[in-house]
Amino acid sequence: MPEGHTIHRLARDQAKDLVGHQLGASSPQGRFAEGAALLDRSTLEATEAHGKHLVHRYDNGQILYVHLGLIGKFRRRKLDTELIGAIRLRLEGPERAWELVGPMRCELIDEDELDTILSKLGPDPLGPKPDVDEFARRLQRRRIPIAAALLDQSVVSGIGNVYRSEICFLCGIDPRRPAKELSDTEMEELWASTVEQLEIGVRLNRIVTVSRDEVDKPLSRLNRTERLYAYKRGGMECRRCGDEIKSDEVGARKVWWCPTCQS
DNA sequence: ATAATATGGTGAT
DNA sequence: TCACCCTATTATC
C-alpha cells in the first residue's frame, strides 16, 4: 500500500472527513495512549503529505507525525463498527473514523523535529512545487544504480519498490545503470514519468502503470500483475516485447526489468 | 498451528 | 550486511 501516492491520498481524504472538526482520539491498543489523550477533543486544522510522511496539525498546537512503514495502514471506517485488530490510533470525526494500524512511527513532535525530518527529503513529485532540476542535481551526485537512487528518499521522496521498477521500465532504463551517468534527457523523462505515475496512483488510490490501451478490462478490475509491467513479474513475458522479465537485488531490495525494453 | 511475506526505514556490526 | 520493528494476510505443514 504505502508509497507516496498513498500518503498524499490519505492527507486529502482525511482532510475531507476530519479537518475543521473536534475529534475523538483514542488508542484502543494502548501504545499511543498518552498521545491520543493530548489530541482528544482538539480540532484538526490541516493535513500534509511530504513523500511518505503524513502530518496533522491541531488547534492546540500538537503536530501528529505518522510514517506507515512497510505494513502500516490507515483505514476509513463507519463510526459504530466493531474495533478489529491492534489499533494504535483511532480518530473520530462527525461521520467517519480513521484507524491507524501497524505504523512504523506515530508520535507527537514539535516544529523543529518536523523540520529535521523534512530537511532530509529530496523533492516530492506530488508536492506543491515539483523540482526536476533539484532531482537531476541529486541524481548526478550518486554513483549508485539508478534503481537504488530512486528508492533513496533524500534523492526523491515518495518512490517505493513498486514504482522504482515501473518507472525504470516506462523510461526504458536499465535499473542497474549508475545514476550519475544518465543523460539530462533521461533524468527529465524519469521525473516526468514519476510525477505522472504518482498522480495516477493518487487518483486511483492504487498503483496502476499499464496504459489503458494495453489491457482489455477496466483498470479497476485488473489484478496486481495485470496492473504493472515489471514489479514481481520475474519469469513472465514482457507485455511489450515478449522477452522474459528478469530480477536482481539492487539497493538491498529486488528490482524487476525487461532486458530488451530497458538498456 | 506455524511460517513467510509485504509497496519501509533504522541502527548496530 | 544484518537484525529488528510494526501487523495482517496468505502459504505451508
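Buried here means under 20% relative accessible area, with exposed over 50% and partly exposed in between (1.4 Å probe, protein chains only). The model is predicted, so local features need pLDDT of at least 70 and side-chain atom pairs count only at pLDDT 80 or more, whereas totals for chains, interfaces and linings use all residues. Residues are numbered from 1 along each chain as its sequence is written, and side-chain values use heavy atoms, with hydrogens and water left out.

**View 1. Tyrosine 231 and tryptophan 256, both buried, in chain A**. Rings of Phe, Tyr and Trp (its six-membered ring) pair if their centres lie within 6.5 Å, and planes under 30 degrees apart count as stacked, over 60 as edge-to-face and the rest as tilted. The whole structure holds 4 aromatic pairs; in one of them the rings of phenylalanine 169 and tyrosine 229 are stacked, because their centres are 4.6 Å apart and their planes are at 15°. Tyrosine 231 and tryptophan 256 form an edge-to-face pair, with 5.0 Å from centre to centre and 70° between the planes.

**View 2. Arginine 239 over the ring of tyrosine 229**. The charged end of arginine 239 sits 5.8 Å from the ring centre of tyrosine 229, where the term requires NZ of Lys or CZ of Arg within 6 Å of the ring centre and within 35 degrees of the ring normal. Tyrosine 229 is itself buried, as is phenylalanine 169.

**View 3. Domain 1 (4–119) and domain 2 (132–257) of chain A**. These bounds come from an automatic or database domain assignment, and the C-alpha centres of the two domains lie 29 Å apart.

Notes. Chains lettered and ligands numbered in written order.
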